[in-house]
Amino acid sequence: MPEMLRYNLLLVVTLLLSLPASAQVKRVNHCNPMSRAQFPGGEVVYEFDYVDVQPQFPGGDCALTNFINETRHYPYNAYQKRIQGRVLCSFIVNPDGTVSHISVVRGVDAELNREAVRVISEMPKWHAGRHSGNSVAVRCLLPIAFRL
């Protein structure tokens with residue numbers, strides 16, 4: 001392939017890839033079938049990005065970080081084995097602000113996973129998420145880091 005043709009082709013591909021993909025990242029604020037799930041008890045649970053007001057830890061993100069750092073204890077065996085990483089947890093903030101349905105989405109080690117679940121289970125009530133003016137249950141994801 002001649003040098004100039006290869007350069008032009010590369011330029012066109014680069015330009016096409018750099019175009020905004022606004023249709024792919026559009027945020028939807030109304031309820032659609034993909035924005036919520038129904039739990040066995042019939043409770044509707046919204047995804048974090050699909051509510052008008054997201055749930056918030058009392059005091060905000062800085063207070064959440066402080067709570068995690070003060071509450072988290074490094075499990076002894078994991079510390080001895082020098083195991084570290086981030087445990088990604090899922091939980092639901094209920095309309096009354098309580099936290100429930102805690103689960104590990106991506107774990108590191110059984111002891112670190114248990115500790116991350118314990119930390120989330122001890123959280124105080126959150127400010128509930130709101131959709132269409134009503135408090136609703138919202139599924140949240142939170143990474144808990146364990147570093148030596």
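This is a predicted model: local features need pLDDT of at least 70, side-chain atom pairs count only at pLDDT 80 or more; totals for chains, interfaces and linings use all residues.
Residues are numbered from 1 along each chain as its sequence is written, and side-chain values use heavy atoms, with hydrogens and water left out.

**Strands around β6**

Helices (H or I, at least four residues) and strands (E, at least two) are DSSP runs, numbered from the N terminus. Two strands pair if DSSP finds at least two bridges between them.

| Strands | Sense | Bridges |
|---|---|---|
| β3 (residues 85–93) and β6 (residues 134–146) | antiparallel | nine |
| β3 and β4 (residues 99–106) | antiparallel | five |
| β2 (residues 44–47) and β6 | parallel | three |
| β5 (residues 129–131) and β6 | antiparallel | three |

Individual residues show how these strands line up. Facing β6, Val93 stands opposite Val138, and Ser90 is placed opposite Leu141. Glu47 has Arg139 of β6 opposite it, while Gly129 stands opposite Val136 in β6.

Two of the pairings are hairpins. Five residues lie between β3 and β4, and Gly97 in that turn has a positive phi of about 95 degrees. In the hairpin of β5 and β6, two residues lie between the strands, and Ser132 in the turn has a positive phi of about 55 degrees.

**Ser90 in β3**

Strand β3 is mostly covered, with seven of its nine residues buried; buried means under 20% relative accessible area, exposed over 50%, and partly exposed in between (1.4 Å probe, protein chains only). Ser90 is part of this strand. Ser90 counts as buried because its relative accessibility is 6%.

The side chains of Ser90 and Arg139 are joined by a polar contact of 3.4 Å. A polar contact is a pair of N or O atoms within 3.5 Å; within protein, one must be able to donate a hydrogen and the other to accept it, and residues adjacent in sequence count only if both atoms are side-chain atoms. Contact in general means heavy atoms within 4.5 Å. Leaving aside neighbours within four places in sequence, Ser90 is in contact with His101, Ile102, Ser103, Val105, Arg139, Cys140 and Leu141.

**Val138 in β6**

Val138 belongs to strand β6. Its relative accessible area is 0%, so Val138 is buried. Not counting residues up to four places away in sequence, Val138 touches Val45, Tyr46, Glu47, Phe48, Val51, Pro55, Phe91, Ile92, Val93 and Gly129. Val138 and Val51 are 87 residues apart along the chain, and their C-alpha atoms are separated by 7.9 Å.

**Helices α2 and α4**

Two packed helices are described by the angle between their axes and the distance between the axes. The axes of α2 (residues 61–71) and α4 (residues 110–121) come within 10 Å and cross at roughly 125 degrees. Axes are lines fitted to C-alpha atoms, for helices over the stretch in contact, and angles run from 0 to 180 degrees between N-to-C directions. At the meeting of the helices, Phe67, Ile68 and Thr71 in α2 meet Glu115, Arg118 and Val119 in α4.
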